[in-house]
Amino acid sequence: MGILEKIAEIEREIARTQKNKATEYHLGLLKAKLAKYRAQLLEPKTTGAKGEGFDVMKSGDARVALIGFPSVGKSTFLSLMTSTASEAASYEFTTLTCIPGVIEYKGANIQLLDLPGIIEGAAQGKGRGRQVIAVARTADVVIMMLDATKGEVQRELLEKELESVGIRLNRSKPNIYFKPKKGGGLSYNSTVPLTMCSEKLVQLILHEYKIFNAEVLFREDSTPDEFIDVIVGNRIYMPCLYVYNKVDQISIEEVDRLAHRANSVIISCGMKLNLDYLLETLWEYLALICIYTKKRGERPDFNDAIIMRRASSVEHVCHRIHRTLAGQFKYALVWGTSTKYSPQRVGLTHIMEHEDVIQIVKK
C-alpha cells in the first residue's frame with residue numbers, strides 16, 4: 001500500500017470515528033500517523049530529469065505569494081498592480097510557471113509572485129502543486145485569490161491543501177516548550193488547566209514518533225494537532241489575506257457579507273475597484289515601516305526611505321545602513337512618534353516607529 005492510500009485510509013478512519021472522551025487517544029494516534037505520512041510525502045524525490053526553474057530569487061523588502069484556483073484573476077491582478085505583464089486568458093492554467101512582479105508602495109519594493117492555479121490534491125503533487133506550495137512557504141504574506149461567485153468552496157479547499165503541507169494561516173505558534181532528551185523518561189508539566197491534551201495522549205503521540213525521553217511544558221490549552229506541529233517543527237505560521245475578486249458579478253448583500261469577514265478584502269480587477277484599500281491592508285499585514293535619515297545641519301531626506309520591519313531597533317537601522325556602523329555608534333537623535341520629545345537622544349535598543357527621522361552620531 002502506497003503513502004497516498006495510507007493517508008486516504010487514515011482520513012476515512014478519522015471521519016467515521018465519533019469524537020468523545022473514549023476515542024480521544026485513538027484520534028490523537030491517527031493524527032500523529034497522518035502527520036508522519038504527510039511529511040514523508042513532502043520529501044523531495046532525487047531521481048528524475050531536471051525541469052524548468054520554478055522558484056524565483058527573493059528580492060525587494062518583502063515577498064507576497066498569490067495563490068488561488070485557475071481563472072480567479074491572479075494574472076490580471078499582477079498586471080494591474082505591477083509593471084509586469086502576465087498572460088491572462090479565459091481558459092484555465094494560462095500561467096504555467098512562477099511569474100514575479102514588483103509593487104512600489106510608500107517607497108518599498110514588494111515582490112509579488114503570480115503562481116500557477118492550485119487544484120484539489122495539489123499537496124499530493126497534482127498540477128505542479130508541490131512546487132507552488134514550496135514557493136508559498138518562502139513568502140512573508142499569502143494573498144489567497146478567490147472567486148466571489150463560487151461561494152466558500154474554494155476557500156475551504158485551499159485552506160485544507162495548505163494545512164496538509166504544514167502552512168498555518170493567520171495563527172500564531174503554539175506556546176509549548178518541547179525538548180527531546182537522552183534519558184530520564186517523559187517530564188510533563190503545564191502552567192494552565194488542559195482540556196484537550198492529557199499526559200497519556202502526549203505519551204502516545206511521542207511514542208508514535210519513537211520519542212521516549214523528553215521535556216514537555218504546556219503554557220496554553222492546546223489541541224493534539226498543535227502539539228504534533230511542535231514535535232514536527234517544520235510548520236510555517238504566516239498571515240493570509242483572503243481577496244474576493246469579481247464582486248461586480250454578485251449581489252450587494254453578498255458583497256457586504258464578504259467585506260465583513262475577518263482577514264478579507266473585496267476587489268474587482270475587471271472594474272479596478274478597491275485596489276487602493278487592498279494595498280493599504282497588505283502594507284499592514286507585511287508590518288513594514290519607513291525610516292528617514294538626516295545628516296547633521298541638513299534637512300531630512302524624505303525621498304529615500306529605509307524600509308524596516310515593525311519593532312526594529314536603532315541597531316537594526318545601523319546594520320541596514322552599513323555593517324560597521326553599529327561598532328562606531330555613539331548615540332542617535334530621533335524625531336517622530338517613538339520618542340517622548342523631539343529630538344530625543346537614544347541608544348541602540350530604542351524601538352523605531354513608522355516615519356521616524358534618525359540622525360546617527362559616531363564615536
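In strand β16 (residues 356-362), Ile358 is the bridge partner of Thr293, and this contact belongs to a parallel pairing of β16 with strand β12 (residues 288-293) that extends over three bridges. Here two strands are taken to pair if DSSP finds at least two bridges between them, and the elements themselves are DSSP runs, numbered from the N terminus, with helices (H or I) of at least four residues and strands (E) of at least two. The model is predicted, so that local features need pLDDT of at least 70 and side-chain atom pairs count only at pLDDT 80 or more, whereas totals for chains, interfaces and linings use all residues. Residues are numbered from 1 along each chain as its sequence is written, and side-chain values use heavy atoms, with hydrogens and water left out.

Strand β16 also pairs with strand β14 (residues 329-335), in this case in the antiparallel sense and over six bridges, and Phe329 stands opposite Lys362 of β16. Because five of its seven residues are buried, β16 is largely enclosed by the rest of the structure; buried denotes under 20% relative accessible area, exposed over 50% and partly exposed the range in between, with a 1.4 Å probe and protein chains only. Strand β14 in turn pairs with β15 in the antiparallel sense over three bridges, with Val334 opposite Gln344 in β15. These strands form part of an open sheet of five, arranged in the order β13-β12-β16-β14-β15 with mixed pairing. Its edge strands, β13 (306-309) and β15 (344-346), each pair on one side only, and neighbouring strands of the sheet are turned against each other by 35° on average, direction ignored. Helix α10 (residues 314-321) lies across β12, β13, β14, β15 and β16 and runs at about 135° to β13, where axes are lines fitted to C-alpha atoms (for helices over the stretch in contact) and angles run from 0 to 180 degrees between N-to-C directions.

A further open sheet consists of six strands in the order β2-β3-β1-β4-β10-β11, again with mixed pairing. The edge strands β2 (99-105) and β11 (264-266) each pair on one side only, and the twist from one strand to the next averages 25°. Within this sheet, strand β4 (residues 141-147) and strand β10 (residues 240-245) pair in the parallel sense over six bridges, and Asp147 stands opposite Asn245 in β10. Helix α3 (residues 74-81) packs on the sheet, touching β1 (62-68), β2, β3 (108-114) and β4, and its direction makes about 160° with that of β3; contact means heavy atoms within 4.5 Å. Helix α9 (residues 275-286) likewise packs on the sheet, touching β1, β2, β3, β4, β10 and β11, with a direction at about 165° to that of β10.

Leu66, placed in strand β1, counts as buried because its relative accessibility is 0%. With residues up to four places away in sequence not counted, Leu66 touches Lys74, Phe77, Leu112, Leu113, Asp114, Leu115, Ile143 and Met145. The C-alpha atoms of Leu66 and Ala139 are separated by 9.6 Å, although the two residues are 73 residues apart along the chain. Arg155, found in helix α5, counts as buried because its relative accessibility is 9%.

Over the protein chain, the secondary structure comes to 11 helices and 16 strands, and buried residues make up 44% of the 363 residues. Among contacts with a separation of 6 or more, 64% are accounted for by residues 24 or more positions apart.
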